[in-house]
Amino acid sequence: MRHGKTFNHLGRKTGHRRAMLSNMASSLIMHKRINTTLAKAKALRVYVEPLLTKGKNDTTASRRNVFTYLQDKYAVTELFREVGPKIADRPGGYTRIIKTGFRKGDGAETAMIELVDYNELYNPNDAGKKTRRSRRGGKSNVENKPKAAAPVKDEEE
């Protein structure tokens, strides 16, 4: 029976499972995409999506809260500097799981989990947004440069 079984224990004790999910979440944030088994990818999605939501507002409290889960200051920095601003307008669903077949050794179903906003193949309309140009400068950059001041001639000559 499955009474009270609310999440997949992944065949590990609590400490091992927390450490594994923390390491996998750090790797996902740093590399934007990782390959793992389907069961671990589904467990990781539940673990990392609230952390990505916290990464949208850069406050000291949210940084400390995320650090308690990740235990990696470089991953926390990457989350709040790079990933957070990029997913700021997305209301949820920050990760995508793509099944990649079966592992040869034990037949486990493998999957790739990735951050949605970092895949250009699945987001063709977002590629146009990245080439945004500002109105200042433009192509006539040579004309906008300040010219050297001409030497002032004395009127007494």
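These exercises work through a predicted model, one site at a time.

**Exercise 1. The hairpin**

Find how strands β2 and β3 pair, and over how many bridges.

Solution. 
- Step 1: Locate the strands. β2 covers residues 95-102, and β3 covers residues 109-115.
- Step 2: Read the direction. The two strands pair in the antiparallel sense, over seven bridges.
- Step 3: Pick one facing pair. Ile-98 stands opposite Met-112 in β3.
- Step 4: Look at the turn. Six residues sit between the strands of this hairpin, and Gly-107 takes a positive phi near 75°.

**Exercise 2. The largest pocket**

State the volume of the largest pocket. Then name the elements that give two or more residues to its lining.

Solution. 
- Step 1: Take the volume. It is about 250 Å³.
- Step 2: List lining residues. Among them are Phe-7, Thr-14, Arg-17, Leu-21, Lys-42 and Tyr-47.
- Step 3: Assign them to elements. Helices α1 (14-31) and α2 (38-54) are the elements that give two or more residues to the lining.
- Step 4: Sort by class. The lining of the largest pocket has six nonpolar, two polar and three charged residues.

**Exercise 3. Asn-119**

Decide whether Asn-119 is buried or exposed. Then find the partners of its side chain.

Solution. 
- Step 1: Asn-119 is in the loop between β3 and α5 (124-129).
- Step 2: Apply the cut-off. Buried means under 20% relative accessible area. Asn-119 has 7% relative accessibility, so it counts as buried.
- Step 3: Find the side-chain partner. The side chain of Asn-119 makes a polar contact with the side chain of Glu-114, at 2.8 Å.
- Step 4: Check the backbone. A polar atom of the Asn-119 side chain lies 2.9 Å from the backbone nitrogen of Leu-121.
- Step 5: Leaving out residues up to four places away in sequence, Asn-119 touches Arg-33, Arg-96 and Glu-114.

**Exercise 4. Ile-87 and Thr-37**

Which residues do Ile-87 and Thr-37 touch, beyond four places in sequence?

Solution. 
- Step 1: List its contacts. Ile-87 touches Leu-52, Lys-56, Tyr-94 and Asp-117.
- Step 2: Compare sequence and space. Ile-87 and Asp-117 are 30 residues apart along the chain, and their C-alpha atoms are separated by 7.0 Å.
- Step 3: Move to Thr-37. Thr-37 is found in strand β1 (residues 33-37). Its relative accessible area is 10%, so Thr-37 is buried.
- Step 4: List its contacts. Thr-37 touches Arg-103, Ala-108, Glu-109, Thr-110 and Ala-111.

Notes: Residues numbered from 1 in each chain as written. Predicted model: local features only at pLDDT ≥ 70, side-chain atom pairs only at ≥ 80, totals over all residues. Heavy atoms only, no water. Pairing = 2+ DSSP bridges. Helix = DSSP H or I, 4+ residues; strand = E, 2+ residues; numbered from the N terminus. 1 Å grid on protein atoms, 1.4 Å probe; cavity = no way out; pocket = protein on both sides within 12 Å on 5 of 7 lines; lining within 4 Å. Points joined across faces, edges and corners; volume = space filled by probe spheres on them. Nonpolar A, V, L, I, M, F, W, Y, C, P; charged D, E, K, R; others polar. Buried < 20%, exposed > 50% of the residue type's maximum accessible area, 1.4 Å probe, protein only. Polar contact = N/O pair within 3.5 Å; in protein donor to acceptor, adjacent residues only side chain to side chain. Contact = heavy atoms within 4.5 Å.
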